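Student: I am new to this structure and would like to go through some of its features. Could we take them one at a time?

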Amino acid sequence: TTKQNTTMKSFGRLSRRGCRNTASKFLSPGLSTQQHSYFASKLIVQDPYTFDVYTEVPFETGQEVSKKFEEAEIVQKKWAAVSLEERKKVCKDALRYFIHHRDEIALQITKQMGKPIFQAQQELKDAVN
């Protein structure tokens, strides 16, 4: 579609070396980028039907990403020390959260990915089961 082509052209300008072929594998019609020169500063998620901006997510610097990896290593070591019974409890709590918030989560999936609401609800039901 015209919107997809415009998005791909914008993404293709992100690199002087041309990343259009790679970009086509990763960008859906609901995604675009905010440009500054040849570098995007944020990811813009649009509702694929209305093209309204659903959210904007700033890209992180290499330093920020490295810090998150370091933090993840620390958290993983703590998680590894948690007993199996406690891990099961945490997972069950997470499932309860998904069940309790399923309508809200399904609506977010619909707005971000363009899936019919019933399909998003079914995906959540399948994931919980």
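Student: Is the crossing of α5 and α6 right-handed or left-handed?
Tutor: The model is a predicted one. In it, helix α5 spans residues 102-113 and helix α6 spans residues 117-128, and their axes come within 8 Å. The crossing of α5 and α6 is right-handed.

Student: How do the residues of the contact of α5 with α6 divide into nonpolar, polar and charged?
Tutor: On the α5 side, the contact includes Arg102, Asp103 and Ile105. On the α6 side, Ile117, Ala120, Gln121 and Leu124 take part. The residues of this contact divide into 7 nonpolar, 2 polar and 2 charged.

Student: How are the planes of the aromatic pair Tyr97 and Phe98 arranged, stacked or edge-to-face?
Tutor: A search of the whole structure finds 1 aromatic pair. Tyr97 and Phe98 form it, with 6.3 Å from centre to centre and 90° between the planes. Planes over 60 degrees apart count as edge-to-face, so this pair is edge-to-face.

Student: Is Gln46 buried or exposed?
Tutor: Gln46 lies in strand β2, residues 39-46. Its relative accessible area is 9%, and the cut-off for buried is under 20%. Gln46 is therefore buried.

Technical notes
Residues numbered from 1 in each chain as written. Predicted model: local features only at pLDDT ≥ 70, side-chain atom pairs only at ≥ 80, totals over all residues. Heavy atoms only, no water. Axes fitted to C-alpha atoms, helices over the stretch in contact; angles between N-to-C directions. Helix = DSSP H or I, 4+ residues; strand = E, 2+ residues; numbered from the N terminus. Left-handed = near helix turned anticlockwise from the far one by under 90°. Contact = heavy atoms within 4.5 Å. Nonpolar A, V, L, I, M, F, W, Y, C, P; charged D, E, K, R; others polar. Phe/Tyr/Trp six-rings, centres within 6.5 Å; stacked < 30°, edge-to-face > 60°. Buried < 20%, exposed > 50% of the residue type's maximum accessible area, 1.4 Å probe, protein only.
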